[in-house]
Amino acid sequence: MLFSKSSEVNRIVIISVFISFLYISGGLMLFFKKNKTKIQELVSFLCVFIGATFVYRSIWAYLKEALEALNFDNHVQIISYLFLVVGSFSFPMILLLILKEVEEKEIKINNKTLKLLNRNKTKFFSIIAHDLKGPLGTYNQMIEMLIDRHKEMPSDKMEEFLKKLQNSSKQTFNLLENLLQWSRSESGTIKIKPKQLKLNEIINSVQLLMKHSVEIKNLNVSVKIGEDETVYCDHNMIMTVFRNLISNAIKFTPNNGQITITSKNIKENNIEICIEDTGVGIASKNLKAIFDIDTETSTKGTNNESGTGLGLKLAKEFLEKNNGSIKIESTETTGTKVFIQLPKHKL
């Protein structure tokens, strides 16, 4: 038994076991730490090695006689105390190095974040400058023409001008809405308030907003979603998602084309919604970078409709914030399928 030895030997064994426990537990915690630095990895091995030395010392002291165990000329005693002294003096320095390494890593992360924010800000202002210039220029030209020629202009020509103004105003509104939502998302000020929503009601609301655009192009929009299908997400965010995705389908589908919206249950608590169109499709080179904020992917629609290039990026961000996802399959000249997944109930 342990306590059949002398009190001096028992003391050596207990202290050695305690020291080995501290070193080995600390070393293992560092070793299994995620994203550990090189210094932390080195320290973890050193701690385990020192701990193992003291385990050996405790076993050795227990097996030896009292006088031999207390003999400081013994190599086991010398090595163990040497490690203890070296560890005691070196660990404060190692701790400082770890703190410095962690601080440098945080500085690099912060610098990377600042660069990303600056890049996004530049993108934000370039979109405003480029995409607002077109609609506002159109406003100016048409209003000047209406002022100068409204008396001799036929009613059908007047109606055509007013429709163009209306279309331009819608484009500007959608642009500003996307920019506002995107800036709020990037700044972290947007609040997520998920709740149980009926999928059909969301789609119907978006269809009502897009009714005029659908009628102009004489598109056939078919919605095949069950009356009882629900999703658990933020109402404003998911409206923005469907507004952008359905708007894109309308934009890139030629006159008399087809848009089909379907849903199916997948897994236990997920629903997949597919928005399929018979439009112009997306080039494979654009498809790879379509969600990249730094890549300009905005193209004109089949009736020369303009866009911000932010719609899909915004949809992806908002879906991810609501535990959803998005995937796109497309073939040029054939059409596009957009698949989005959302939770049906609270996770």
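This is a predicted model: local features need pLDDT of at least 70, side-chain atom pairs count only at pLDDT 80 or more; totals for chains, interfaces and linings use all residues.
Biologist: What is the value of phi at threonine 333?

Modeller: The general idea is that most residues other than glycine have a negative phi. Threonine 333, which is not a glycine, has a positive phi near 70 degrees.

Biologist: How many strands form the open sheet, and in which order do they stand?

Modeller: Strands of a sheet pair through backbone hydrogen bonds, either parallel or antiparallel. Here 5 strands form an open sheet with mixed pairing, in the order β2-β4-β5-β7-β6. The strands at the edges are β2 (220–224) and β6, each of which pairs on one side only. From one strand to the next, the twist averages 15 degrees.

Biologist: Why is β5 described as largely enclosed?

Modeller: The description follows from burial: 7 of the 8 residues of β5 are buried, so the strand is largely enclosed by the rest of the structure. The case of β3 is read in this way too: 5 of its 5 residues are buried, so β3 is largely enclosed by the rest of the structure. β3 runs antiparallel to strand β1 (residues 194–198), to which it is joined by 5 bridges. Within this pairing, leucine 197 has valine 231 of β3 as its bridge partner.

Biologist: Which helices pack on the sheet, and which strands do they touch?

Modeller: α6 packs on the sheet and touches β2, β4 and β5; the direction of α6 makes about 180 degrees with that of β2. α9 packs on the sheet as well, touching β6 and β7, and its direction makes about 145 degrees with that of β6. The buried residues of α9 are Gly311, Leu312, Lys313, Leu314, Ala315, Phe318 and Leu319.

Biologist: At what angle do α7 and α9 pack, and which residues make the contact?

Modeller: An α-helix has 3.6 residues a turn, so residues three or four places apart point the same way. Helix α7 (residues 235–251) and helix α9 (residues 311–321) pack at an angle of about 145 degrees, and their axes are 9 Å apart. Their crossing is left-handed. On α7, the contact residues include Met237, Val241, Asn244 and Asn248, and on α9 they include Leu312, Ala315, Phe318 and Leu319. By class, this contact has 9 nonpolar, 4 polar and 1 charged residues.

Biologist: Which residues have the most contacts inside the largest nonpolar core?

Modeller: The largest nonpolar core has 38 residues, and Ile238, Phe242, Leu245 and Ile340 have the most contacts inside it. Among the elements that give two or more residues to this core are α6 (199–217), β3 (230–234) and β4 (258–266). α7 gives the most, with 9 residues. Leaving aside residues up to four places away in sequence, isoleucine 238 touches Leu197, Ile202, Cys233, Leu319 and Leu342.

Biologist: How many helices and strands does the chain have, and what share of its residues is buried?

Modeller: The chain has 9 helices and 7 strands. Of its 347 residues, 38% count as buried. Among contacts in the chain with a separation of 6 or more, 73% are between residues 24 or more positions apart.

How values were computed. Residues are numbered from 1 along each chain as its sequence is written. Side-chain values use heavy atoms; hydrogens and water are left out. Axes are lines fitted to C-alpha atoms, for helices over the stretch in contact, and angles run from 0 to 180 degrees between N-to-C directions. Helices (H or I, at least four residues) and strands (E, at least two) are DSSP runs, numbered from the N terminus. A crossing is left-handed if the near helix is turned anticlockwise from the far one by less than a right angle, and right-handed if clockwise. Contact means heavy atoms within 4.5 Å. Ala, Val, Leu, Ile, Met, Phe, Trp, Tyr, Cys and Pro count as nonpolar, Asp, Glu, Lys and Arg as charged, and the others, Gly among them, as polar. A nonpolar core is a set of buried Ala, Val, Leu, Ile, Met, Phe, Trp, Tyr and Cys residues joined through side-chain atoms within 4.5 Å. Buried means under 20% relative accessible area, exposed over 50%, partly exposed in between (1.4 Å probe, protein chains only). Two strands pair if DSSP finds at least two bridges between them.
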